[in-house]
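Here's a quick look at one model, starting with surface and fold and ending with rings. Keep the structure open while you read.

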Amino acid sequence: MQDPDKELVSLAKAGSKADFGKLVNLYYEMVYAVTFGVLHNRESARDVTQEVFLKVFRDLHKFEGQSKFKTWLYRISVNAAIDVVRQRKPVDSLDATDASDDEDRAPVIITDKSPGPRDLSEQAELRERLKKAVEQLSPDHRAVIVLREWEELSYDEIAETLGVQIGTVMSRIFYARKKLAEILGIEMKKENLDV
Amino acid sequence: MFDEENEDLLGSAYRNYIAREVGRPEVLQNKKKFLAENFIDRPPAFRFAPAFVVPALAAACVFMVFNHLQTQLNPVEGPLAPIYSTAPAAAPISAAETGPQSSFGESEQPLLDNPVANYKKPRVVVKRVSSAVGPTMVYQKLYRNVPVTVVWVFAGGKH
């Protein structure tokens, strides 16, 4: 496994702030997207993003290079954001529905309760509905959705990042999508499961 | 996970939502500020460079414009001639300085009888002016308590 950031990480480990600055420059938006995806609050996402980089620079000596730097950064970002959400207020977790016996369940049909996204001429309205939908997800589900949909990580990479089983990742993604689809009025059929 | 079209729809809506957030100019500004405050090595001398460079450049510009205009308005042609000057002659001591001070309430009229006060300068007719020091002569003198620079230019050079 070749880490493209290996050289910059080595220089930063040696104390070069400028080289760590190059890593910040590379990954700031990525970390912000992940933290915003979990927190759904601009100020908090900005603060957590910057705290993550300061913490990473401080703890860089702990990074042994067994995973890619980017994966390590993902893990710290997601954990920091989830910690903030949990400190902020309790959120009804969807983990209770993360049962591994998905295959024993009946097909899930979500019928349209409101006009579908195709009918929404206003992008702003769709964004607002999506925002409200995401806010109803637990931090863990928000994390998998942002890693999957925005960062386009594979299930393996998400599992490595979050330190969970790949089955858990698949289950969380399924239920997060289901919840979003339900709120957005998208019909979803379990027969088409493609995980 | 669910039908491909809806999956794409949901994914696309979510990506647009995050892209719009990440693409906000404030995010880039925050990043630049954070980098500048924490992870850019700059020598201390340059840290406040903008505070000094701008006024210095402004002053240099003003000087250059002023210098240019001065050169345009006062062109110096030919070799510079030396300017000689002489010290102004000492002003004669007036009677008011040497005479007795009049006391309070005493008229100064009697001073008119003073031979010094009645002294009349002989009429002087200047027929020819010459300079022993060069073609020009510059000096300063007080005229009604205002310093005045007097420049004599002797046509035809030194006489």
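## Chain B and the aromatic rings

Chain B has an accessible surface of about 13200 Å², with 62% of that belonging to carbon and sulfur atoms (Shrake-Rupley method, 1.4 Å probe; for residues, only the protein chains shown count as cover). Bear in mind that this is a predicted model, where local features need pLDDT of at least 70 and side-chain atom pairs count only at pLDDT 80 or more, while totals for chains, interfaces and linings use all residues. Residues are numbered from 1 along each chain as its sequence is written, chains are lettered from A and ligands numbered from 1 in the order in which they are written, and side-chain values use heavy atoms, leaving out hydrogens and water.

Here are some totals for chain B.

| Chain B item | Value |
|---|---|
| Contacts (heavy atoms within 4.5 Å) with a separation of 6 or more that join residues 24 or more positions apart | 42% |

As for the fold, chain B has five helices and two strands, running α-α-α-α-α-β-β along the sequence. Helices are DSSP runs of H or I with at least four residues, and strands are E runs of at least two.

Now the rings. The whole structure holds 15 aromatic pairs over all chains, counting Phe, Tyr and Trp (six-membered ring) with centres within 6.5 Å. A:Phe63 and A:Phe69 are edge-to-face (planes over 60 degrees apart), because their planes lie at 80°, with centres 5.9 Å apart. Both A:Phe63 and A:Phe69 are buried. Ring pairs also tie A:Phe20, A:Tyr28, A:Phe53, A:Phe57, B:Phe34 and B:Phe39 into a cluster.

Note on methods. Rings of Phe, Tyr and Trp (its six-membered ring) pair if their centres lie within 6.5 Å; planes under 30 degrees apart count as stacked, over 60 as edge-to-face and the rest as tilted. Buried means under 20% relative accessible area, exposed over 50%, partly exposed in between (1.4 Å probe, protein chains only).
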